[in-house]
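Here is a quick tour of a protein model for you to follow along with. Keep the 3D view open and click on each residue as it comes up.

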Amino acid sequence: MWKLLKSGLMNAWNQPFAVCALFTYNLLWGLILYTAVRSIVVPLLHRYPSPELTREAVQLFWLEGQFQITKTDLIVPYLWWALVLLLMRMVLSPLLSAGIYYSLEHTELNAGYRFVRGVRKLGLSFLGLYLLQIVLTVAPLYLLGTKVIEGYHSHASLTAIGWHLMPWFGIYVAYLILIQTLFMYMQFGLASGKSILISCRLLVRNVLTILLLAIVTLSVTFTISALVMTSAMIWAGFAALALVQAYRLLHMFCKMWTITSQHALWNANHE
């Protein structure tokens, strides 16, 4: 397993174009979301009653907001914008993945060329897999919702409800990890021209190693994230800002390492 992790680390290091593409995509997406949320939240904060006013003024503010949301079409433009952003995300994410996975499989080509070629050649296939993954991810939420309602009616305190729901949330998280790993290997198969059946068979045969690789890479990523966030809170100022921005690039590298480690296992077993 350590050989696979080392091989994945070297492969991630040899994919600077893909790492920069991930970094740029997430940076631009974060800026878009920040701008959209800021344009909504800041005007509301300016209208929020100051601490000098009475409690009735605060209640009036919330009543007015509830009336405008429920009785007028004030929220409709914001819902449309949210839908547009969601659709953009649903289209761009699989296209980006197509370029990354094709780049991993065709290292003999120029970095920028193979990335663009992967988007053009595999974009529609990856989009179809992404939509199927979303359906499989959302489908269990109905059962989870029924368990939440059941726990709300059968338990008196939030602590009891939490203990009641914890196993179900744990099962759902494990399910999400399984779905994500399954579709990762299906994407490996698409990028290399192999069938989905081969991807599933390889996943079943090496499930323990695959899970260990995922646990190690995710643990390293989580540890780095915790250290950076803790340092940013302690060292407030420009140094913290520079550290957080550098961390974003490192985080994208760790994300690429997660993919390349699994791809190293794929290369070692699919032939």
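**A first look**

With a relative accessibility of 41%, Val91 counts as partly exposed (buried means under 20% relative accessible area, exposed over 50%, and partly exposed in between, using a 1.4 Å probe and protein chains only). You're looking at a predicted model, where local features need pLDDT of at least 70, side-chain atom pairs count only at pLDDT 80 or more, and totals for chains, interfaces and linings use all residues. Residues are numbered from 1 along each chain as its sequence is written, and side-chain values use heavy atoms, with hydrogens and water left out.

**The overall build**

- The protein has 10 helices and 0 strands (both are DSSP runs numbered from the N terminus: helices are H or I with at least four residues, strands are E with at least two).
- Reading from the N terminus, the elements go α-α-α-α-α-α-α-α-α-α.
- Out of the protein's 271 residues, 31% count as buried.

- Two packed helices are described by the angle between their axes and the distance between the axes.
- Helix H4 (residues 76-105) packs against helix H5 (residues 111-138) at an angle of about 130 degrees, and their axes are 5 Å apart. Axes here are lines fitted to C-alpha atoms, for helices over the stretch in contact, and angles run from 0 to 180 degrees between N-to-C directions.
- That makes H4 and H5 oblique to each other (angles under 35 degrees count as roughly parallel, over 145 as roughly antiparallel, 65 to 115 as roughly perpendicular, and the rest as oblique).
- H4 passes H5 in a right-handed crossing; a crossing is right-handed if the near helix is turned clockwise from the far one by less than a right angle, and left-handed if anticlockwise.
- Sorted by class, the H4 contact with H5 has 18 nonpolar, 6 polar and 4 charged residues. Nonpolar covers Ala, Val, Leu, Ile, Met, Phe, Trp, Tyr, Cys and Pro; charged covers Asp, Glu, Lys and Arg; the others, Gly among them, are polar.
- H5 also meets helix H7 (residues 158-192): their axes come within 11 Å and cross at roughly 165 degrees, so H5 and H7 are roughly antiparallel to each other.
- The crossing of H5 past H7 is right-handed.

- Val91 sits in helix H4.
- From Tyr101 to Met184 is 83 residues in sequence, but 9.3 Å in space, C-alpha to C-alpha.

**Aromatic rings**

- There are 8 aromatic pairs in the structure (rings of Phe, Tyr and Trp, using its six-membered ring, pair if their centres lie within 6.5 Å; planes under 30 degrees apart are stacked, over 60 edge-to-face, and the rest tilted).
- Trp13 and Phe253 have ring centres 6.3 Å apart and planes at 80 degrees, so this pair is edge-to-face.
- Trp13 lies in helix H1 (residues 2-13) and Phe253 in helix H10 (residues 238-269), so the pair ties together parts 240 residues apart in sequence.
- Trp13 is exposed at 63% relative accessibility, while Phe253 is buried at 18%.
- Ring pairs also link Tyr101, Phe126, Tyr185, Phe188 and Trp266 into a cluster.

**Cysteines**

- The structure holds 0 disulfides (a disulfide is a pair of cysteine sulfur atoms within 2.5 Å).
- Cys20 is partly exposed at 42% relative accessibility, whereas Cys254 is buried, at 5% relative accessible area.
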